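Let's take a walk through this one, step by step. Have the sequence and the 3D view ready.

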Number of protein chains: 4
Amino acid sequence: MIIVMKKGADQALADNVVSMIHKLDLKPMPMIGTERTVIAVIGDERAIDQHRIHAMPGVDRVMNVLDPYKLSSRETKHETTVIDLGDGVTIGGEKIAMMAGPCAVESEAQMEAATKAVKDAGAQILRGGAFKPRTSPYSFEGLGPDGLKLLSDAAKRHGMKVITEVLDVRDIDAVAQHADILQIGTRNMSNFNLLKEVGKVKTPVLLKRGMSATVKELLLAADHIMSNGNQNVMLCERGIRTFETETRNTLALATVPLVKELSHLPIIVDPSHSTGKPSLVSPVTLAAIAAGADGILIDVHPNPAEAMCDGDQAIKPDHFVELMGQLAPVAQAVNRTL
Amino acid sequence: MIIVMKKGADQALADNVVSMIHKLDLKPMPMIGTERTVIAVIGDERAIDQHRIHAMPGVDRVMNVLDPYKLSSRETKHETTVIDLGDGVTIGGEKIAMMAGPCAVESEAQMEAATKAVKDAGAQILRGGAFKPRTSPYSFEGLGPDGLKLLSDAAKRHGMKVITEVLDVRDIDAVAQHADILQIGTRNMSNFNLLKEVGKVKTPVLLKRGMSATVKELLLAADHIMSNGNQNVMLCERGIRTFETETRNTLALATVPLVKELSHLPIIVDPSHSTGKPSLVSPVTLAAIAAGADGILIDVHPNPAEAMCDGDQAIKPDHFVELMGQLAPVAQAVNRTL
Amino acid sequence: MIIVMKKGADQALADNVVSMIHKLDLKPMPMIGTERTVIAVIGDERAIDQHRIHAMPGVDRVMNVLDPYKLSSRETKHETTVIDLGDGVTIGGEKIAMMAGPCAVESEAQMEAATKAVKDAGAQILRGGAFKPRTSPYSFEGLGPDGLKLLSDAAKRHGMKVITEVLDVRDIDAVAQHADILQIGTRNMSNFNLLKEVGKVKTPVLLKRGMSATVKELLLAADHIMSNGNQNVMLCERGIRTFETETRNTLALATVPLVKELSHLPIIVDPSHSTGKPSLVSPVTLAAIAAGADGILIDVHPNPAEAMCDGDQAIKPDHFVELMGQLAPVAQAVNRTL
Amino acid sequence: MIIVMKKGADQALADNVVSMIHKLDLKPMPMIGTERTVIAVIGDERAIDQHRIHAMPGVDRVMNVLDPYKLSSRETKHETTVIDLGDGVTIGGEKIAMMAGPCAVESEAQMEAATKAVKDAGAQILRGGAFKPRTSPYSFEGLGPDGLKLLSDAAKRHGMKVITEVLDVRDIDAVAQHADILQIGTRNMSNFNLLKEVGKVKTPVLLKRGMSATVKELLLAADHIMSNGNQNVMLCERGIRTFETETRNTLALATVPLVKELSHLPIIVDPSHSTGKPSLVSPVTLAAIAAGADGILIDVHPNPAEAMCDGDQAIKPDHFVELMGQLAPVAQAVNRTL
């Protein structure tokens with residue numbers, strides 16, 4: 001931690017800060033500069049609340065030297081985490097995890113059509129929402145527990161794994177019974193109690209980046225889960241909010257190599273929510289693979305114009321088949337498999 | 001709803017859309033333009049999922065004509081809502097509601113000092129957090145139920161009302177027992193299940209704007225509460241995230257008159273979280289009153305450098321006294337009372 | 001400057017950095033921390049290009065301790081700058097500078113109507129654009145030199161001062177002949193050659209904050225002007241781009257007291273461009289005065305529905321008269337005069 | 001254009017708008033909805049200033065149906081533009097244009113080392129800045145005319161084409177004498193006079209997206225150039241400003257397929273300015289190629305720690321050689337050549 005005193009702050013004010021740092025069992029190193037006094041702190045700054053130091057008289061700014069996240073950091077664990085879902089399905093290894101299916105579970109017929117299509121095209125993990133967070137209280141909110149059953153039944157019939165969103169601490173057990181991966185949506189990245197509770201179960205968690213969160217905040221959110229015991233966390237870049245209006249969100253693709261640098265956790269890309277446009281899904285997915293993504297989470301719906309949720313961003317099954325064909329050579333070019 | 005067809009989309013595609021609109025019991029009005037066909041829809045567009053229409057072949061864009069929120073809209077209820085907390089304390093009327101106190105409840109001594117100070121200076125509502133949402137899992141998370149009791153005891157001793165945050169659906173009843181206003185924090189504006197549940201109790205709710213939410217999204221979030229029964233909602237502008245780093249957030253003060261135009265709900269301003277700098281709190285509070293705010297939510301701590309949460313944004317009791325003195329003539333200049 | 005070495009960077013890499021700092025005639029102070037080595041630099045860091053240091057092997061991050069702006073800083077000049085336009089018109093003193101008039105100069109009749117109206121209501125400075133920066137190349141771009149003359153003739157007839165925008169280095173002399181204040185628009189805050197050239201004339205400059213610029217960048221832009229000789233710079237908060245779509249821009253009103261803290265330059269607020277809505281102009285202007293603004297720059301048009309530029313954000317003369325009446329008691333409440 | 005009247009606006013106000021539309025020689029189609037009257041306008045709405053209509057009494061909102069840009073639109077010109085620089089170097093065809101070199105021209109030795117390295121690795125176009133826009137007035141601003149000569153001499157010696165930035169309307173002729181492509185930097189995307197003037201020369205232009213501009217605004221800026229005669233415009237995605245601080249900017253890679261959908265102009269990606277981190281340059285460049293980029297503009301410096309500008313984002317020659325090797329199979333996978 002670096003503490004910058006205000007210009008003109010006198011010796012007595014700096015001494016106060018120095019005493020406080022001593023009291024907190026850390027080692028202060030004051031330096032008298034040409035314009036200001038700067039106090040460096042040796043020791044684990046994460047043990048100090050920087051806001052308290054900042055509130056001391058004469059302190060201008062407090063800058064952290066260490067990153068605030070620990071458990072998700074590659075400095076803490078050097079080897080890349082590979083999450084094993086069983087039956088040979090893993091996330092974080094050489095093989096790219098393809099997660100596909102409709103935004104919302106709507107009916108048995110819809111799930112059968114969607115599941116068969118994505119499985120035949122090569123996906124191993126089925127996505128589908130039973131609990132939907134909706135901006136408007138007047139929109140379809142999902143089939144709830146019935147949807148969970150339709151989803152897991154379809155996955156079982158076709159030998160797929162299941163990823164689905166959990167919105168509420170009270171639903172975690174029910175969702176975990178049907179899901180191989182619990183999805184934490186973008187609106188819940190900072191719902192810390194929900195993070196804490198999914199940290200107490202064993203089911204792997206896919207944590208979506210908040211709409212306007214930084215990568216550091218995403219890693220801190222992963223720490224909220226991991227510090228409660230669940231180490232099987234994968235991160236998901238799903239587009240952030242920017243001023244652009246032609247796409248639903250803005251895919252920040254450099255997040256992929258950046259996360260790989262800062263963290264040992266796998267990173268998944270969602271080309272559907274990030275663009276909101278079926279016509280952009282294929283090029284963006286190719287780019288995600290080229291950038292090193294460990295998996296893709298993609299909306300596929302047998303009939304988008306009948307979809308009860310986000311129909312305009314889903315691609316159709318034949319589009320998904322074509323995309324899988326285009327992906328293969330790109331994956332190979334970066335030494336990955338599909 | 002206005003549906004814009006793609007350039008070159010043929011008659012058959014437009015006819016499909018027209019049929020779909022008829023099927024949804026609304027009235028389509030197709031117009032053949034010089035470059036594109038546009039289909040206007042007469043009727044309550046909020047009944048249609050625009051994403052489905054957008055997913056139809058040949059559709060380029062779908063634009064809503066009506067605002068998506070209803071219950072919070074001034075078009076729905078013309079008279080301004082005044083929320084009555086009892087004992088003559090109201091929010092939304094001529095009198096400005098001053099809510100003050102520490103960020104977090106820490107101890108009985110701290111609460112006694114803070115409560116006495118803000119009450120003596122003229123505040124009627126005591127703020128203080130017992131459950132704190134913290135970006136880092138390694139930070140102080142509040143005293144929980146014990147904090148609630150310290151808070152309400154202090155308020156009772158000094159004849160004040162209480163506002164405090166609720167983070168978790170499982171805590172609503174416990175918090176409602178001690179609070180006159182339930183605060184929904186910025187990170188939970190889109191935690192729709194929490195909104196739904198506070199919509200089922202009778203305690204008034206202060207809903208903070210999400211860090212990167214628009215005003216329309218704030219009003220839709222209010223609708224989530226109100227559509228479950230609780231009409232006593234007040235909104236709070238607490239600063240949004242922008243590129244500025246000199247202040248903690250960016251106070252969007254035009255939100256105050258904008259909310260008054262679009263909605264009948266009272267609007268509160270939080271000068272502490274929006275600026276994060278004690279030196280900016282007074283001018284920003286004066287500005288909020290001049291802009292028409294119905295209340296102020298402000299961090300006051302007897303000893304900021306000892307605070308366990310956000311000490312660097314709290315003002316001290318004597319600063320608060322001075323501010324109350326400056327506020328009086330400004331309030332009078334805009335025909336309000338303190 | 002604080003240089004943070006990468007975790008695991010060895011002694012030799014740190015020694016390289018230390019040597020480089022010595023070579024740049026500054027004093028390095030290396031500190032071996034528990035996790036990383038940190039090197040503090042004593043001396044004027046503004047003399048070093050931090051990007052070079054950052055590019056050295058083993059360096060993780062470089063943090064500046066000093067603010068990058070100098071001439072506009074209150075640390076450089078403690079007394080608030082008051083700009084004198086002659087004839088008793090000053091900016092930055094007790095009296096608030098009211099600058100009003102149409103967005104674009106359109107005709108003699110329009111200018112006569114507008115000028116008479118704003119002068120009668122109490123404004124001292126006439127605004128009006130002869131060169132208009134337009135997002136679309138198909139929009140009206142202003143009357144050019146003819147517009148300048150219509151503007152200054154109207155001002156002379158009514159005894160007012162003139163503020164008008166200069167877009168192009170080649171127009172500075174012509175504009176300076178007719179203007180008392182040269183306006184640099186939001187799109188040109190980072191047009192450094194234009195800043196440099198207006199720094200070489202003596203006419204005072206109003207520098208608008210860039211649409212997504214930080215306050216520090218605004219102060220650095222002022223330094224671009226001031227370091228070329230012209231010290232008569234006033235800053236203008238005109239709203240920044242955010243995700244909000246109900247207003248044209250988002251007025252960041254805390255900029256007013258923040259600029260006063262960081263800089264000695266006067267700060268003006270533009271309620272018209274920041275909101276884009278006539279119905280919000282009055283409350284926002286009252287708030288700006290309460291926050292301590294030194295002046296107001298406001299669009300007033302005799303007939304907005306006939307305006308050739310931004311008609312929908314202009315207020316009408318009678319609205320301006322009403323606003324001036326409301327402003328008086330607020331100004332008085334914060335010890336200013338109109 | 002769709003004009004939405006306010007709720008409660010009476011027939012007379014709608015009639016006024018209808019008359020105005022007739023007066024502007026367009027065809028109004030009023031529709032009485034359940035809650036509001038909506039007036040659709042048939043004809044080329046780009047001929048009307050929407051702000052005037054918006055300023056009319058009773059008008060709530062005005063929505064455009066047509067995109068505001070014309071010349072850069074794929075609706076105007078269906079075939080993709082291929083820009084021919086001579087000697088077999090083209091941009092926009094099957095072959096990807098690799099533009100590489102240092103941020104700033106510093107010396108003959110530096111240019112010789114850089115040019116030889118990038119040419120040997122396979123680049124055809126040499127980049128290097130002689131005029132540098134710098135946020136701080138205290139930073140190195142480039143060698144000016146001397147730099148232009150060093151740059152073009154190096155390119156000639158190695159048989160390369162030249163791209164370099166022009167900042168000032170007064171420098172266009174001098175720069176055009178030495179450059180094959182004129183670069184308009186991110187800070188000048190809305191410097192409309194500069195756009196206009198480069199529209200009057202024949203040298204191809206690379207137009208960088210403004211730091212917080214939307215893609216539509218980028219295309220409108222291209223129209224500013226093209227409407228003055230110069231059709232040889234290529235666009236450049238160089239990262240936008242977001243809340244992320246770990247990278248210098250945020251690369252919005254979906255811009256690549258989006259621009260290809262909306263426009264016929266080639267699109268280039270700058271991995272250096274968009275990330276600011278050499279360690280991210282390779283994965284991001286692979287992703288850009290996979291997404292369909294027509295070219296790459298990349299900082300390569302023989303000795304980044306000695307660079308006079310942005311040393312910390314440049315990659316070294318051996319890194320560039322390695323990247324070219326990785327690019328080849330990805331380019332092949334998407335049917336492009338290097």
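Start in chain C, where helix α3 (residues 108-121) packs against helix α4 (residues 145-157) at an angle of about 35 degrees, with the two axes 9 Å apart. Axes here are lines fitted to C-alpha atoms, for helices over the stretch in contact, and angles run from 0 to 180 degrees between N-to-C directions. Helices are DSSP runs (H or I, at least four residues), numbered from the N terminus. The contact uses C:E108, C:M111, C:E112 and C:T115 from α3(C), and C:L150, C:L151, C:A154 and C:A155 from α4(C); two residues count as in contact if their C-beta atoms, placed from the backbone, lie within 7 Å. Sorted by class, that makes five nonpolar, one polar and two charged residues. Nonpolar covers Ala, Val, Leu, Ile, Met, Phe, Trp, Tyr, Cys and Pro, charged covers Asp, Glu, Lys and Arg, and the others, Gly among them, are polar.

A word on the model itself: it is predicted, so local features need pLDDT of at least 70 and side-chain atom pairs count only at pLDDT 80 or more, while totals for chains, interfaces and linings use all residues. Residues are numbered from 1 along each chain as its sequence is written, and chains are lettered from A and ligands numbered from 1 in the order in which they are written.

Now look at where chains D and C meet: 40 residues come from chain D and 40 residues from chain C. On the chain D side, α7(D) gives the largest share, four residues. That side divides into 15 nonpolar, 13 polar and 12 charged residues.

Finally, chain A splits into domain 1 (2-63) and domain 2 (83-333), with bounds from an automatic or database domain assignment. Their centres, taken over C-alpha atoms, are 44 Å apart.

Definitions and conventions:
Helices (H or I, at least four residues) and strands (E, at least two) are DSSP runs, numbered from the N terminus.
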